[in-house]
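Please keep the sequence and the 3D view side by side while reading.

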Amino acid sequence: MSIFRLFRSQSSAPVARERLQILLEYERRESGRRDLAAVLRDEIIAVISRHVTVDPDRVQVKLDRRDRMSTLAVDIQFPNAAA
Amino acid sequence: MGKVIVVTSGKGGVGKTTSTAALGAALAQMDQKVAVVDFDVGLRNLDLVMGAERRVVYDLINVVQGVAKLAQALIRDKRLENLYLLPASQTRDKDALTEDGVGRVIADLREKFDWVICDSPAGIERGATLAMRFADAAVVVCNPEVSSVRDSDRIIGLLDSKTLKAEKGERIDKHLLITRYEPSRANRGEMLSIDDVLEILSIPLIGIVPESEDVLRASNLGTPVPLSNAESAPARAYFDAARRLCGESIEMTIPSERKGLFNKLFGRRAA
């Protein structure tokens, strides 16, 4: 064993505790409700689809849930009307 | 009237079946009349852990469907005369279990036994919700590990919404059983501590079962942990948990291995 390992922090438990606390706070709030991100994704895609043909393979949804706020990025590629 | 307990966890492999067998055996040793019921249709294992796998004739589905009488399907333990097993079906479709049918069988068991302990399948699907449906109390088995704690939280939510008691507006008692705990690793900050898990899940603790080679040894032999080696650390943890289930208040400890001089000198037990 490397001598440096002795100095490296072995405490992963506090990280586990914090991750769980953040996740479960979210999941308890959302339980019974549909996942908000999923609702937004579906409705946004539905609105776009009303006007243009959307290829499901060309839709990218990124979600980042953080402590106080979340971001949702929806990237939809569609052919130009003229094409 | 007996008490119906569901042993549940959400996550698989955390020790539901081991704990069902162990709590059943510990309660039976306290002169209680106990039935342990396997709800894991298609993947039954309680029979194996209890050492009764070669004596299964009828199962829960046969009784639910009226093919067999309850008394015919119950297997009496060879070591403890007031401990019985109702096995799950290995072959049948899990949809063969109906809520009404299960309700009738549980009501019947409740009249004949002091304790009916239902071993839930993993997951949150029908099998798991049926296993908890008629319970008076739940033992939530949890490992000090993130995915197990998360799933325990889900199961606690289901216990508070999908059980008959919850639907009637009554309270279902929930007890946390932490298994595979390693105090030395928790002390070094490598494992969630008991306090961490309790703070996150906030249900009362019924016992702490330390990680131990005695648990695998017991299942290898088909003997519930308390009967395999009553002096072992996990056996003492299960005895304490069983006494707490009966309402005794005993100090919460983490049982540790009692090593004799020989073992201290040579480290390994000659098992």
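**Notes on the model**

1. Start with a pair inside chain B. B:R79 and B:D77 form a salt bridge, with their closest N and O atoms 2.7 Å apart. A salt bridge here is a side-chain nitrogen of Lys or Arg within 4 Å of a carboxyl oxygen of Asp or Glu. B:R79 is partly exposed, at a relative accessible area of 37%. B:D77 is buried, at 9%. Buried means under 20% relative accessible area, exposed means over 50%, and partly exposed lies in between (1.4 Å probe, protein chains only).

2. A word on the basis. This is a predicted model, where local features need pLDDT of at least 70 and side-chain atom pairs count only at pLDDT 80 or more, while totals for chains, interfaces and linings use all residues. Residues are numbered from 1 along each chain as its sequence is written, chains are lettered from A and ligands numbered from 1 in the order in which they are written, and side-chain values use heavy atoms, with hydrogens and water left out.

3. Next, confidence. The mean pLDDT of chain B is 93. In chain B, 94% of residues reach 70 or more. pLDDT is the predictor's confidence in each residue, from 0 to 100. For the complex, the predictor gives an ipTM of 0.76 and a pTM of 0.83.

4. What does chain A contain? It has two helices and two strands. From the N terminus on, their order is α-α-β-β. Helices (H or I, at least four residues) and strands (E, at least two) are DSSP runs, numbered from the N terminus. Chain A has 83 residues, and 16% of them are buried. Take its contacts between residues at least 6 apart in sequence: 36% of these join residues at least 24 apart. A contact means heavy atoms within 4.5 Å.

5. Now the interface. Chain B gives 13 residues to the contact, and chain A gives 13 residues. The two chains bury about 1200 Å² between them. Of that area, 55% is on carbon and sulfur atoms. Buried area is the accessible area (1.4 Å probe) that two parts lose on being put together, summed over both. On the side of chain B, B:V146, B:R150 and B:I200 lose the most area to chain A. Together they account for 41% of what that side buries.

6. How many salt bridges link chain B and chain A? There are three. Residue pairs in polar contact between the chains number seven, both residues being at pLDDT 80 or more. A polar contact is a pair of N or O atoms within 3.5 Å; within protein, one must be able to donate a hydrogen and the other to accept it, and residues adjacent in sequence count only if both atoms are side-chain atoms. Helices α7 (146-162) and α10 (194-201) of chain B each supply at least two residues of the side that touches chain A. By class, that side has six nonpolar, one polar and six charged residues. Ala, Val, Leu, Ile, Met, Phe, Trp, Tyr, Cys and Pro count as nonpolar, Asp, Glu, Lys and Arg as charged, and the others, Gly among them, as polar.

7. Two of these bridges deserve a look. B:R150 pairs with A:E27, the closest N and O atoms being 2.6 Å apart. B:D153 and A:R28 also meet in a salt bridge, at 2.5 Å from N to O. B:D153 lies in helix α7 of chain B and A:R28 in helix α1 (residues 13-30) of chain A, so this pair joins two chains. B:D153 is buried, with a relative accessible area of 11%. A:R28 is partly exposed, at 40%.

8. Helix α1 of chain A also holds A:A13. Is A:A13 buried or exposed? It is buried, at 5% relative accessibility. A:A13 touches B:G189, B:E190, B:M191 and B:L192, leaving aside residues up to four places away in sequence. One of these, B:E190, also belongs to a network of salt bridges with B:E182, B:R185 and B:R188.

9. Back inside chain B, look at B:P210. It sits in strand β8 (residues 205-210). B:P210 is buried, with a relative accessible area of 7%. Its contacts include B:R180, B:Y181 and B:A233. B:A233 is 23 residues away along the chain, yet the two C-alpha atoms are separated by 7.0 Å.

10. One last pair. B:R44 and B:D47 form a salt bridge, with the closest N and O atoms 3.0 Å apart. B:R44 is buried, at 18%. B:D47 is buried too, at 5%. Over all chains, the whole structure has 17 salt bridges.
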